[in-house]
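Here's a quick briefing to read with the picture open beside you. Take a look at the chain, then work through the points.

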Amino acid sequence: MIVKQKQKEELDNVMLCNSSTEKFGVRLTEQDALQLLKSRISNLREQERIEFGEGILPKLIVAFCDSPYIYQDNYVPALEALQEIFYEYKNETLDELTDDELIEFMKEHFDGDCQGSIEYLEDTCLEKLARKIRYGYEE
């Protein structure tokens, strides 16, 4: 009973983000939101992480909805990928960054030198950041 209520609250929180994102031409359907929440569970399991509270998805939605590289056709796959690499790089950066710091870094580089390429963000920018944090050197 409690689990169902928690899932409903998470879904409601994600759907509430539409009020912020619609002005940028992107919105999630309930089916999209359920898919992203299901992905979250899978990502957490794969990265061997646990999460308390509502999760990172609403923060990612709000942070990336105004990106010039996000539009309705790529919105859900982009959020799915961003959510996945967020959890991966929380581990890779040894949890040295807060959620907000990591999201800010991701957004800045996604809109900047990555020019909307999630692969470049993951394989280059975030990898450099993780090495810097793990080994303590500048590149």
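Predicted model: local features only at pLDDT ≥ 70, side-chain atom pairs only at ≥ 80, totals over all residues.

Residues are numbered from 1 along each chain as its sequence is written, and side-chain values use heavy atoms, with hydrogens and water left out.

**Confidence**
- The chain's mean pLDDT (the predictor's confidence in each residue, from 0 to 100) is 94, and 96% of its residues reach 70 or more.
- Of the chain's elements (helices are DSSP runs of H or I, at least four residues; strands are runs of E, at least two; numbering starts at the N terminus), helix α1 (residues 2-16) has the lowest mean pLDDT, 88, while α6 has the highest, 98.

**Salt bridges**
- There are 14 salt bridges, each being a side-chain nitrogen of Lys or Arg within 4 Å of a carboxyl oxygen of Asp or Glu.
- Asp-95 pairs up with Arg-49 in one of them, at 2.9 Å from N to O.
- Asp-95 sits in the loop between α5 (72-92) and α6, and Arg-49 in the loop between α3 and α4 (57-64), so this pair ties together parts 46 residues apart in sequence.
- In helix α6, Lys-107 and Asp-111 are four residues apart, about one turn, and their closest N and O atoms are 2.3 Å apart in a salt bridge.
- Lys-107 is buried (under 20% relative accessible area; exposed is over 50%, partly exposed in between, with a 1.4 Å probe and protein chains only) at 16%, whereas Asp-111 is partly exposed at 23%.
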